[in-house]
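User: I want to learn how to read strand pairing and aromatic contacts. Please take me through them.

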Amino acid sequence: MIEIGMKTSTIIAAVVVVVVVAVVAAVLLSMHAPTTPATTSSASSTMQSSPSTTATMQTSTQSSSSTTSSSAPSMQSTSSPSMAPELIPVSSATINVTASMGGTVRLGNIIAIIRPGTNVTFNGETLTSYSFSIIDYKVVNVGLPSSMMGDPASMGMYQAEPIYAFAYAVDGHVSPAYTFSQPIITVVRMPNGWTSWTWLGYTQEPNGTLVGGSYKFPNAYFYAGSGLFVNVQFVKPVPWIFISGAPLSMNEATYSPEAPVNSSLMSSMAPVLVPVGSATVQVNATQGAAVSIGNLLAIVMPGTYVEKGGQTMSQYNFSLVYQAIYNVPPLNASTAGWPLFAYSFAVNGQISPAYTFVNSNGKPTPVITVAFLPPTFWTWTWLGYTQEPGGALIGGSYKFPNVWLPGDDYIVNVQFVKPVPWIFLGGETGITGQPMPMPSSTTTSAAVPPTTTTSTSTATTTTSGYVWGG
């Protein structure tokens, strides 16, 4: 009995110990229970802050991506509405213009030609002297025009995306409030598959950045061949955005090498201008045209008709003819003014002063020539020749010098209203009485083009009215 009682006591003691341990465990658990929600809350707070940091990084990454990829099409749909489009200036070239003289300036692949007589109106006032700038911009968050999105058939062989922008400025202002009295001729060397759209509705910041805005309409270009495009419509100093992916433009000009010239002509002592190549385009007078060959570009402005013997032609073939020269003497006995080569315009195959380029009112209107030559080159009009059936011009002599607007690596003539030949000369220019002015453009990387420039576009001699060239 004593043994049974001891066993019973042992069991009871063990039970008591288990109960005590259970109670203590329960107490400990109850003491730590508030700590668990607090720890969870802290973790939750940490997790909430992490997405915020990640979103900031993504926004920054998107911004960087839109800059480096020129706002790829995907940005059009993924960009936040709060990300305003920006056109950020990266370089500019500026000249001072006197309206009576005109001028020209180049920035990269863009040449602007300001023809004589180009005034600027602003707030009811007319500016006859002003600074003119070309500005290039990096584009950020501009996307694509709605008409070019989601329609692969309209995108040609290139991926559709904005490349970069350019604008003109008057006295540093990029604003549609300014108007040129006649269009600025814009020559662009670009891939055959680019186009540009006018961009409006922006605000010009003090640092030159254009904030906000949208695409308004596409621009029309003549394709002159050899990667040269010409616009003759721009009358406002506003921005235009280049976009790839446009349908390819076709050059309708006909290029042909000329037939060999009779050797007897070459052996004569008379001067001979031999056509070595030509580019011909059909012109509708209301539309105009542009054509290039070699280092020459000719621009027939819209509204250019041809008059001969009282008859006016609104449809005609216009040719730009490149000519080699034989037996053409230097301008004087020295090596100065040495003849290098010649070129002509032709109407329906005829190189003759009997034809005149005129506007709808019968007033002579020039065909523009851009020659990609150093500004130390200049020309004299050559007359008194006879045109042979094969196109060679026999005989003739120098008549008078021509005035060219100088660029940094090109020259521009805005006077020629007759389809006649002009001979390019090299060497000293002082002997001609028509010294060529030096290049006038200044290229900078300033954000805002200067309102006062360091150089001017002026010619050392002037003429009254057009020098018709024949």
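User: Which residue does T121 stand opposite in strand 5?

Analyst: Two strands pair if DSSP finds at least two bridges between them. Helices (H or I, at least four residues) and strands (E, at least two) are DSSP runs, numbered from the N terminus. Here T121 stands opposite T126. Strand 4 (residues 120-122) and strand 5 run antiparallel, joined by three bridges. This is a predicted model: local features need pLDDT of at least 70, side-chain atom pairs count only at pLDDT 80 or more, and totals for chains, interfaces and linings use all residues. Residues are numbered from 1 along each chain as its sequence is written, and side-chain values use heavy atoms, without hydrogens and water.

User: What is the strand order in the open sheet?

Analyst: The order is 5-4-8, with antiparallel pairing. Strand 5 (125-127) and strand 8 (179-180) are at the edges with a single partner strand each, so one side of each has no neighbour in the sheet.

User: How many aromatic pairs does the structure hold?

Analyst: A ring pair is described by the distance of the centres and the angle of the planes. Rings of Phe, Tyr and Trp (its six-membered ring) pair with centres within 6.5 Å; planes under 30 degrees apart are stacked, over 60 edge-to-face, the rest tilted. The structure holds 29 aromatic pairs. Among them, Y164 and W194 are edge-to-face, at 6.3 Å and 70°. Y164 lies in strand 7 (residues 161-170) and W194 in strand 10 (residues 194-204), so the pair ties together parts 30 residues apart in sequence.

User: Is W194 buried or exposed?

Analyst: Buried means under 20% relative accessible area, exposed over 50%, partly exposed in between (1.4 Å probe, protein chains only). W194 is buried, at 17%.
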